[in-house]
Amino acid sequence: MKRVNLIILVLLAVAFLIIVERNLLNLSDILHLENPDAGMVLPFESEVSPDLRLETVRKGEEIPVLITAAEERLGAVVAAMNSVYQNSKANVVFTIVTLNDTVDHLNEWLTKTRLKNIKYKIVIFKPELLKGKISKDPQTLEAVKPLTFARYYLPAYLPEAEKAIYLDDDIIVQGDIQELYESNLKPGHAAAFSDDCDSASSKGFVRGAGNQNSYIGFLDFKKDAIKKLSMRANTCSFNPGVIIANLTEWRNQNVTQQLEHWMELNTREDLYSNSLAESITTPPLLIVFYKRHSMIDPMWHVRHLGAGNRYSPQFVRAAKLLHWNGHYKPWGRTSSFSEVWDKWFIPDPTGKFNPVRPHAED
């Protein structure tokens, strides 16, 4: 009888140890899931989002998405990120490039709203990277927005990634971002862009920008440095507001260094077109990727919503990605299809950013 009792006690002890071990393992898993980036050394200064809930953790291959966050446009960043996250079940990880004075506001917006469950890291853009690469012309300097150059440095901000997506902040994603991420790039191509002569964007000139559908709208073909490249002036340009990047090829081809070379040369030889009306980040990209880039499905980058109402509501609903490039932004008073943007906007908990609407009082 004593032997039977002893066996029962041993069995109970073993069962207890098994239960304890399983509980400890489960606790370890939960802690890992709540802080999946623990122990990761991020490039530059950074912060990782807290409070990742167990029930919302997404598994599978990470899809790196890089976006910039300027203080005066934080509402755009939030709406863009929300649209990406809500329209996909993929394991999206955002890298948000910003300046030091924006970090606290951005973190408060993300952690105190329903975006608190997304996976993100914040990295700080260093404006000194642009020293000697931007014209000293007062008008040019006034137009320069340092964060627009972050796309040049994709491999630096995503050192572990082999592929990534870059998005401008004035976009809304209506499709599953995984579909865009899985787009095929041709062998040897470091990036894919949307061609400005595709059916969705070739309905005329961009308001106030002259002929910005071809290379001659961005580059001065009278300059010797441009002539030596033997590029055709009427070649269709592309829009770098959405980029699918093969970062392995980007590194192997020293794309960042090539872009910096053309920036520096422009400061000495003034290579850009006099009619250039939009971002000065585009011309170096056009040179480096001339006939060396893949194409993005036109429905994954429907552009010029910021240049007036040029699309039907049915077409806008069918688009997988909308881009308000142009003067009229969806958080402004006169934008077309602002109601589409409003669907994804999350109010600023600090009250600093408020969209302007026609009925708003001056």
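**A walk through the fold**

Guide: Happy to. Let's begin with strand 8 (residues 238-246), which is mostly covered: eight of its nine residues are buried. Keep in mind that this is a predicted model.

Visitor: Which way does strand 5 pair with strand 8, and over how many bridges?

Guide: Strand 5 (residues 163-167) runs antiparallel to strand 8, and the two are paired over five bridges. To find the pairing by eye, look for I165, whose bridge partner in strand 8 is I244.

Visitor: And how does strand 7 pair with strand 8?

Guide: Strand 7 (residues 191-195) also pairs with strand 8 in the antiparallel sense, over four bridges. There, S194 has N239 of strand 8 as its bridge partner.

Visitor: Let me zoom out. How many helices and strands does the protein have?

Guide: Twelve helices and ten strands. The protein has 362 residues, and buried ones make up 50% of them. Among contacts with a separation of 6 or more, 75% are between residues 24 or more positions apart.

Visitor: Which residues of the largest nonpolar core touch the most other members?

Guide: F94, I96, L167 and I177 do, in a core of 56 residues. Helix 2 (residues 74-86) gives this core its largest share, with nine residues. There is also a second, separate core of 47 residues, and L130, I134, L286 and Y290 are among its members.

Visitor: Back to I96. What does I96 touch?

Guide: Leaving out residues up to four places away in sequence, I96 touches I67, A69, M81, L106, L110, Y120, K121, I122 and V123.

Visitor: I've clicked on T68. Where is that, and is T68 buried or exposed?

Guide: T68 is in strand 2 (residues 62-69). Its relative accessibility is 9%, so T68 counts as buried; the cut-off for buried is under 20%. Apart from neighbours within four places in sequence, T68 is in contact with V77, V97, L147, A150, Y166, L167 and D169.

Visitor: Now the aromatics. How many aromatic pairs are there?

Guide: Eleven. Take W109 and F353: their ring centres are 5.9 Å apart and their planes are at 50°, so this pair is tilted. The pair links distant parts of the chain, with W109 in helix 3 (residues 103-111) and F353 in the segment after helix 12 (338-342), 244 residues apart. Both W109 and F353 are buried.

Visitor: Which aromatic cluster do W109 and F353 form with other residues?

Guide: One made of W109, W331, W341, F345 and F353.

Visitor: How about F149 and Y152, how are their rings arranged?

Guide: Their centres are 5.5 Å apart with the planes at 85°, so F149 and Y152 make an edge-to-face pair. F149 counts as buried because its relative accessibility is 1%. Y152 counts as buried too, at 0%.

Visitor: Which ring does R58 lie over, and which one does K163 lie over?

Guide: R58 lies over the face of Y85, at 3.7 Å from the ring centre. K163 lies over the face of Y181, at 5.2 Å from the ring centre.

Visitor: Changing topic: how far does helix 9 reach from its first C-alpha to its last?

Guide: Helix 9 (residues 255-269) reaches 21 Å with its 15 residues, close to the 21 Å expected at 1.5 Å a residue. Its buried residues are V255, T256, L259, E260, W262, M263, L265 and N266. They pack against helix 5 (154-157), helix 7 (224-227), helix 8 (247-252) and helix 10 (282-288).

Visitor: What happens just after helix 9?

Guide: D270 takes a positive phi there, of about 55°. N254, in the loop between helix 8 and helix 9, also has a positive phi, near 50°, and is not a glycine. With a relative accessibility of 41%, N254 counts as partly exposed.

Visitor: And F337, where does that lie, and is F337 buried or exposed?

Guide: F337 lies in the loop between strand 10 (321-323) and helix 12. F337 is buried, with a relative accessible area of 10%. F337 has a positive phi as well, about 60°, although F337 is not a glycine.

Visitor: Great, thanks for the tour!

Definitions and conventions: Residues are numbered from 1 along each chain as its sequence is written. This is a predicted model: local features need pLDDT of at least 70, side-chain atom pairs count only at pLDDT 80 or more; totals for chains, interfaces and linings use all residues. Side-chain values use heavy atoms; hydrogens and water are left out. A nonpolar core is a set of buried Ala, Val, Leu, Ile, Met, Phe, Trp, Tyr and Cys residues joined through side-chain atoms within 4.5 Å. Buried means under 20% relative accessible area, exposed over 50%, partly exposed in between (1.4 Å probe, protein chains only). Contact means heavy atoms within 4.5 Å. Two strands pair if DSSP finds at least two bridges between them. Rings of Phe, Tyr and Trp (its six-membered ring) pair if their centres lie within 6.5 Å; planes under 30 degrees apart count as stacked, over 60 as edge-to-face and the rest as tilted. A charge sits over a ring if NZ of Lys or CZ of Arg is within 6 Å of the ring centre and within 35 degrees of the ring normal. The expected span of a helix is 1.5 Å times one less than its number of residues.
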